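Me: Here is the model I want to go through. Can you take my questions as they come?

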Amino acid sequence: MYLLLLFPLLFWVPGSSVPITGPEAVRGLERGVLTVQCRYDPGWETYRKWWCRGAVWGSCKILVKTHGSAFGVKERVSIWDDQTNRTLTVTMKELRREDTDTYWCGIERTGSDPGFHVKVTIDPGSSVPITGPEEVRGLERGVLTVQCRYDPGWETYLKWWCRGPVLGSCKILVETNESAFGEKERVSIRDNQTNRTLTVTMKELRREDTDTYWCAIERTGRDPGFPVKVTIDPATTAVLTPTSAITSTANAFTVPDTPEDTTGFLTVTSQHSDGRSLLSSTRFLLLVFLEVPLLLSMLGAVLWVNRPLRGSGGGSVSPALGTSDQ
Ligand SMILES: *[C@@H]1O[C@H](CO)[C@@H](O)[C@H](O)[C@H]1NC(C)=O
């Protein structure tokens, strides 16, 4: 009888009737935290437990193991064995897309370890809740308007406009107050919480204002932000050369309907259309100064060819007329 009961244990296969079970599949978000809980049968409380990575049971890599204290931590992974509830909790933090794999909750014992496999998938993290134009250009001594949009739910948060290549260490130039408005020196910021648009206006632009700036939302922890590359062109050359960069910026970002909001982009757009009208006026000048004289000279040539026919009188072309007259 006892032998019969023991018999299946000798041929125990991982994954079939294991004393530990858990979720078959879990999902986490990039940069987020994932918690996996496995439960085990009574009698296994005092055994060490581990969390192993790899699709193949025999060759998976143990990431973390519990110690006497029923707790273990290594790099981004921690494990905790609640022996009262017979629950093994694994926490993986700062998740990366590459963490997607098959993992195992396991119990260490002599002989083959029993384990349960968990399929872990890490999805791309939610994007930054605020976006704007990647690049804007302004003219020296002019005015530049940058508009950033943010996701629903961030309306009541304070927003700011910051200068510097790194969001964590950039210099806040202007911040919104309770009335969703802020102004400091040459910069103002307005947060329209109806259409979730943050409008930054920089005036009396200088060449030195060229830098990376951030539209950002203030919150505890890491502030979400979007980098905007601002370039201030010297007033003269920018007018003469409407570059493709200006065109692409203007096209990449939708211009809102309110005219006061669009100063910067209208400037950009109007430069673009100026470029077009410049082209068509060039074409017009070509027409006037090249094609018209060409036509006139062709006409003149025709007239000149025709003139001797009438003027010479007794030419060889009209002998009949000539002879009849004389
Ligand atoms: C916010 O934008 C909406 C739509 O463009 C406009 O009607 C409203 O007046 C704006 N509110 C503020 C405070 O500017």
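Reply: Helices (H or I, at least four residues) and strands (E, at least two) are DSSP runs, numbered from the N terminus. Phe-71 is found in strand β6, residues 71–74. This is a predicted model: local features need pLDDT of at least 70, side-chain atom pairs count only at pLDDT 80 or more, and totals for chains, interfaces and linings use all residues. Residues are numbered from 1 along each chain as its sequence is written, and side-chain values use heavy atoms, with hydrogens and water left out.

Me: OK, disulfides. How many in the whole structure?
Reply: A search finds 4, counting a pair of cysteine sulfur atoms within 2.5 Å as a disulfide.

Me: What does Cys-148 pair with?
Reply: Cys-215, with an S to S distance of 1.9 Å. Cys-148 lies in strand β13 and Cys-215 in strand β19 (residues 211–217), so the pair ties together parts 67 residues apart in sequence. Both cysteines, Cys-148 and Cys-215, are buried.

Me: And its handedness?
Reply: The torsion about the S-S bond of Cys-148 and Cys-215 is about 75 degrees, so this disulfide is right-handed.

Me: Which strand pairs with β11?
Reply: β13 (residues 144–150), antiparallel, over 2 bridges; two strands pair if DSSP finds at least two bridges between them. Ile-130 has Tyr-150 in β13 as its bridge partner.

Conventions
Buried < 20%, exposed > 50% of the residue type's maximum accessible area, 1.4 Å probe, protein only.
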